[in-house]
Amino acid sequence: MSKDVVLSFSGGLDTSFCIPYLQEQGYAVHTVFANTGGVGAEELAYIERRAAELGAASHVTLDLAQDLFESFVTPFVWSGEKYQNQYPLLVSDRYLIVQHTLARCAELGTRTVAHGCTGMGNDQVRFDVSIQSLGDYDILAPIREIQKAHTHVRQYEQDYLEQRGFAVPAKQKAYTINENVLGITLSGGEIDQWQAPGPELKGWCAKRSDWPSEALEVRIGFENGVAVSLDGNAMPGGEMLKELNRRFAAYGVGCGMYTGDTTIGLKGRIVFEAPGLTALQTAHQALEEAVLSKQQNRFKPVVGRKWVELVYEGFFFDPLKADLEAYLKASQSCVNGVVTLRTEGGSVTAIAVDSKHILQAKGATYAQSADWGATEAEGFIRLFGMSSNLWAKVNGDRK
């Protein structure tokens, strides 16, 4: 009698390999695809067909774009940070995938879960740590298993599937591509070799030669730091992010090539595109800069950086992450208003902020006018610089 296992399934090379491999180990493989907003109807149909042709015992597709916006996008935007100041955590849908894969385990009455992560990357940490944090499960990782015996893992997977009559799409032979509503990441091939990507590598963003000639302007409304409207129209966050992706990708906004320190200690290099997330974070930062106090704006990045590090490294369900998120949420009570973004291509700028919470003094404008006198200014400067001036007077002979 077959044992039930629930596999987080994407339809890519690694998870496609997992189905027949696990079947040959005596498992009935039940697949779950968490649609976090990165695939269209055609790709979705392909994933469902792929699961069936590979012999999945059952397949479930879940629409989680809005859940991802609420559980990740909102606090990520609050953080105002990126991992190592570059990478916007575009594969953070993994945590939602884990939650819903385990929910499927509960439906089937099994405690065995599988994923297609390799032993070289960060996702194995994100999956395993999350699963272990959420319960007592047996974790199967077929790609890690075959790495013990095979050096060229992707070639082995391709051969394994083709020998059993399963075709491998051409794009899966060269690059690893991850898409969701957050953006797209591309790795493998020349990227892993620190070389320029080949011309066949295509993501969402238009090339410079294809950017529209007219500038794009959009208005994003925020309530308590959460994006709630686009150009004056109320819109669920997941749908808004999809629309921002579409508009700003046409102008090449949010593209990057990132090299950084992975959780497992290797250097990682990827091409990424996050047009909508870049627009959201730019708008939110402009609003925060105008409505938060000086001390809030100074301290909040410390919390934001730690929150980003925890999420990047797999500690999405760690209590410290929840503690930091509570602070971030508390800081958003006055982050209300509308921000106008503008792009002519490549980058995006917040050109206007409208909020009743902007910290403006009625009688003073920076470098323009003031409701205090010169004597008050001179007294402030004297006291403000007293520590440095005293050091110079006491220790001046040591220079």
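This section describes the overall build of the chain, one surface patch and one loop glycine. The model is predicted, so local features require pLDDT of at least 70 and side-chain atom pairs pLDDT 80 or more, whereas totals for chains, interfaces and linings use all residues. Residues are numbered from 1 along each chain as its sequence is written, and side-chain values use heavy atoms, without hydrogens and water.

The chain contains 15 helices and 14 strands. These are DSSP runs (helices H or I, at least four residues; strands E, at least two), numbered from the N terminus. The C-alpha trace spans about 90 × 55 × 45 Å along its principal axes. Of the 399 residues, 46% are buried. Buried means under 20% relative accessible area, exposed over 50%, and partly exposed in between (1.4 Å probe, protein chains only). Among contacts (heavy atoms within 4.5 Å) with a separation of 6 or more, 72% join residues 24 or more positions apart.

M120, I264 and L266 form a nonpolar surface patch with about 260 Å² of accessible area together. Patch residues have over 30% relative accessible area and no salt bridge; like charges are joined within 9 Å, nonpolar side chains (Val, Leu, Ile, Met, Phe, Trp, Tyr) within 5 Å. A salt bridge places a side-chain nitrogen of Lys or Arg within 4 Å of a carboxyl oxygen of Asp or Glu. Areas follow the Shrake-Rupley method with a 1.4 Å probe; for residues, only the protein chains shown count as cover. M120 sits in the loop between β4 (112-114) and α5 (123-134). Its relative accessibility is 45%, so M120 counts as partly exposed.

G225 occupies the loop between β8 (216-223) and β9 (226-230). G225 counts as buried because its relative accessibility is 3%. Leaving aside residues up to four places away in sequence, G225 touches W78, H284, Q332 and V335. V77 lies 148 residues from G225 in sequence, yet their C-alpha atoms are 8.3 Å apart.
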